[in-house]
Amino acid sequence: MDSVIDRAFAAALYGDGDEGLDTGASLLAASPASDDELLRRGEEYLTRAWRHGWQPADVLRMVRRDLDDPHVRLTATLIHAETARYAHLPPRWAAQLTEMAPTAHPAHPAARPDRFTRATTHLQLYRLLLRLPPLEPVGPPPGESVPGPVEGESRTLTRIRALLAKAEATGYPEEAEALTAKAQELMARHSLDEALLAARTHAKDVPGACRIGVDAPYETAKAMLLDAVAAANHCRAVWNEAFGFSAVVGFESDLEAVELLHTSLLVQGTTAMTKAEAGQRAAGRKRTKTFRQSFLVAYAHRIGARLAEAGEHAVTEAAREAAQDARGAAGPPPDLLPVLAARDVAVTDRAERMFPETTTTRVRGVTDGEGWAHGTAAADRAEVGRGREQRGRALP
């Protein structure tokens with residue numbers, strides 16, 4: 001059995017053409033006894049990917065981008081089987097696994113692919129997994145994470161998530177603006193409270209990192225939006241265009257805020273873009289691609305500016321409230337600026353150690369004036385209210 005697997009893999013996984021794939025698939029199709037070993041080898045490739053810094057969502061994103069639905073379903077099945085053998089998993093993996101529930105095979109035999117087709121799907125997937133390069137880790141691989149207390153989502157984050165969900169669902173721009181503004185106010189307060197608590201208790205809190213997918217099309221504009229949200233929430237975002245994600249570095253409470261707010265603003269922006277584009281097409285304009293690109297770049301640019309403005313107000317208000325609260329207490333009021341500055345330095349240092357070599361990205365295709373105007377207006381409607389001080393690096 002092993003010799004069949006080895007010969008099939010030697011033929012199929014180390015070349016670029018279809019001839020080797022056909023040879024390998026033919027060998028596997030003729031050997032039903034190799035099925036279990038074939039699956040086990042796939043799990044081994046995933047274990048290797050985890051050791052090289054990949055996470056489940058990263059792998060599935062690459063498969064979805066480069067291969068087809070059967071490969072996506074197979075990947076989800078293999079990931080669930082491989083991760084089930086660990087006593088505990090790193091943070092964020094549970095949510096990733098929940099979003100990729102494996103799909104059952106069709107019950108009717110006529111709907112199932114033949115053995116040669118199934119073998120080809122396996123080999124194409126394994127060829128991709130074998131060629132995944134090492135990534136800078138954003139957390140420990142499974143098996144090395146230290147189990148801690150099981151904690152649910154904080155009440156603040158639950159409220160923020162609910163507000164943003166309502167903002168995405170409403171058809172009234174004014175209501176979406178008010179809901180998003182309230183969510184960002186809660187994010188700002190949550191972040192400042194976490195920073196002050198860590199300073200008072202001398203907690204050994206250090207920056208972490210996560211990856212957020214940046215999918216085509218218009219990925220440059222989407223990366224700009226994520227960068228603006230990250231910077232406003234005391235984080236740094238580094239875009240990996242080749243693999244379709246940005247790595248975001250920051251303290252845990254801020255990373256959670258970035259994930260929530262970026263997702264919501266992207267949904268709101270896409271909805272507004274679709275509506276504006278429909279109006280343009282009704283008027284006889286056909287430059288859909290340039291309109292969308294210009295719209296999303298303007299939207300990201302304006303969101304960043306508004307977050308920066310709101311951030312200054314958030315810190316000023318928090319400092320004023322802290323001073324008022326301290327009037328009847330012993331000791332001076334807490335000084336927010338040194339606390340925030342120290343955390344900013346820590347985030348910058350971590351990002352520079354993780355990514356010592358970065359380049360800037362030139363934005364192209366922003367040539368539609370009406371798209372820019374509509375994108376700016378949509379960002380104004382998606383006002384995030386009282387945010388927090390903008391820090392980090394923004395894409396030009």
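Of the 396 residues of the protein chain, 46% count as buried. Buried means under 20% relative accessible area, exposed means over 50%, and partly exposed is in between (1.4 Å probe, protein chains only). This is a predicted model, where local features need pLDDT of at least 70, side-chain atom pairs count only at pLDDT 80 or more, and totals for chains, interfaces and linings use all residues. Residues are numbered from 1 along each chain as its sequence is written, and side-chain values use heavy atoms, with hydrogens and water left out.

**Confidence**

Now colour by pLDDT, the predictor's confidence in each residue, from 0 to 100. The protein chain averages 83. A score of at least 70 is reached by 82% of the residues. Select residues 385–396. Here pLDDT stays under 50. The model has 61 contacts for this stretch beyond four places in sequence. Contact means heavy atoms within 4.5 Å.

**Overall layout**

Switch to a cartoon view. The protein chain has 14 helices and three strands. Helices (H or I, at least four residues) and strands (E, at least two) are DSSP runs, numbered from the N terminus. Take the contacts in the protein chain with a separation of 6 or more: residues 24 or more positions apart account for 80% of them.

**Helix H2**

Select residues 18–29. This is helix H2, with 12 residues. From its first C-alpha to its last, H2 reaches 16 Å, close to the 16 Å expected at 1.5 Å a residue. The expected span is 1.5 Å times one less than the number of residues.

Which residues of H2 are buried? They are Gly-20, Leu-21, Gly-24, Ala-25 and Leu-28. These cover an arc of only 130° around the axis, so they sit on the same side of H2. The arc is that of the directions from the helix axis to the C-beta atoms. An α-helix has 3.6 residues a turn, so residues three or four places apart point the same way.

Next, select the three strands. They form an open sheet in the order E1-E3-E2, with antiparallel pairing. Strand E1 (208–213) and strand E2 (236–240) stand at the edges, each with a single partner strand, so one side of each has no neighbour in the sheet. Neighbouring strands are turned by 25° against each other on average, direction ignored. Two strands pair if DSSP finds at least two bridges between them. Strands of a sheet pair through backbone hydrogen bonds, either parallel or antiparallel.

Zoom in on strand E3, residues 245–250. Is E3 enclosed or open? Six of its six residues are buried, so E3 is largely enclosed by the rest of the structure. Show its side chains. Phe-245, Ala-247 and Val-249 point one way from E3, while Ser-246, Val-248 and Gly-250 point the other way.

E1 and E3 pair over six bridges. Cys-210 stands opposite Val-248, and Gly-208 stands opposite Gly-250.

E2 and E3 pair over five bridges. Val-238 stands opposite Ala-247, and Asn-240 stands opposite Phe-245. E2 is mostly covered, with four of its five residues buried. Four residues lie between the strands in this hairpin, where Gly-244 takes a positive phi near 70°.

Axes are lines fitted to C-alpha atoms, for helices over the stretch in contact, and angles run from 0 to 180 degrees between N-to-C directions.

Most residues other than glycine have a negative phi, and most peptide bonds are trans.

- Pro-217: look in the loop between E1 and helix H10 (219–232). The peptide bond from Ala-216 to Pro-217 is cis, with omega near 0°.
- Tyr-218: this residue is also in the loop between E1 and H10. It has a positive phi of about 60° although it is not a glycine. Tyr-218 is buried, with a relative accessible area of 14%.
- Arg-92: go to the loop between helix H5 (69–83) and helix H6 (93–98). Arg-92 has a positive phi of about 80° although it is not a glycine. At 22% relative accessibility, Arg-92 counts as partly exposed.
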